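Subject: Structure for you to look at

Hello,

Here is the structure I promised to pass on, with the sequence. My notes follow below it.

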Amino acid sequence: MSTAEPRVETRRDRAQYAVCGFLAVVGVLVIIDAARLRHIANSNDPIGPKPVPIVLGVLLLVVAAVYAVDVARGGTGAAEEGEDVDPTSPIDWRTVLLLIGAFVVNLVLIEPLGWVISGGLLFWGSAFALGSRHHVRNLVIAAGLSLATFYAFAIGLGVNLPAGVLQGIL
């Protein structure tokens with residue numbers, strides 16, 4: 001009489017191998033890109049810019065290999081128990097397409113209109129796509145967010161976002 005537990009067949013999730021492959025490709029690309037950096041050393045930085053991206057690329061390869069071994073052994077991620085999401089429900093394509101549309105509008109209008117206007121449309125469009133129907137309130141919040149991020153980038157980070165038609169006013 002055997003006391004061993006009966007073997008349970010687990011179905012391997014092949015999509016996880018795609019994630020492993022993606023991590024490995026990114027790791028190789030990071031290493032190749034880092035290897036092409038010129039060695040610029042000075043008294044403040046004697047080792048130059050190469051070592052950090054090379055180490056990160058190697059770590060990406062290690063993570064990809066360890067993850068692949070885990071997947072091959074049948075490891076799977078635990079389902080989120082705290083989420084109110086039904087994984088069997090269909091994709092809400094309307095929301096997805098509206099969000100894509102908001103990003104495309106931002107992409108097209110950021111140069112001619114500037115960040116404040118295109119970012120405001122992005123924030124307002126995202127809120128609309130995600131179900132908020134308080135249009136005036138969302139517009140005020142979007143304007144505040146786009147102005148705040150414009151000045152946070154300009155003053156806090158020293159990165160000038162395009163001002164567009166508001167050049168000279170902001």
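Ser118 is a residue of helix α4; helices here are DSSP runs of H or I with at least four residues, strands are runs of E with at least two, and both are numbered from the N terminus. The model is predicted, so local features need pLDDT of at least 70 and side-chain atom pairs count only at pLDDT 80 or more, while totals for chains, interfaces and linings use all residues. Residues are numbered from 1 along each chain as its sequence is written, and side-chain values use heavy atoms, with hydrogens and water left out.

Ser118 has a relative accessible area of 1%, so it is buried (under 20% relative accessible area; exposed is over 50% and partly exposed is in between, with a 1.4 Å probe and protein chains only). Beyond its neighbours within four places in sequence, Ser118 is in contact with Asn106, Leu109 and Ile110, where contact means heavy atoms within 4.5 Å. Ala143 is 25 residues from Ser118 along the chain, and their C-alpha atoms are 9.9 Å apart.

Asn106, Leu109 and Ile110 are in α3, and they belong to the set of α3 residues that meet α4. Helix α3 covers residues 93-113 and helix α4 residues 115-129; they pack at about 175°, with axes 8 Å apart. Because of that angle, α3 is roughly antiparallel to α4 (over 145 degrees; under 35 is roughly parallel, 65 to 115 roughly perpendicular and the rest oblique). The axes are lines fitted to C-alpha atoms, for helices over the stretch in contact, and angles run from 0 to 180 degrees between N-to-C directions. The contact of α3 with α4 has 14 nonpolar, six polar and one charged residues. Here Ala, Val, Leu, Ile, Met, Phe, Trp, Tyr, Cys and Pro count as nonpolar, Asp, Glu, Lys and Arg as charged, and the others, Gly among them, as polar.

On the chain as a whole: it has five helices and zero strands. Of its 170 residues, 15% are buried. Among contacts with a separation of 6 or more, 57% are between residues 24 or more positions apart.

An unreviewed UniProt entry lists residues 15-32, 52-69, 96-124 and 136-157 under "transmembrane region"; such annotations may be inferred rather than shown by experiment, and the positions follow the numbering used here, with feature names shortened. In the model, residues 15-32 are 100% helix and 0% strand, with end C-alpha atoms 26 Å apart. Residues 96-124 are 97% helix and 0% strand, and their end C-alpha atoms are 15 Å apart.

Regards
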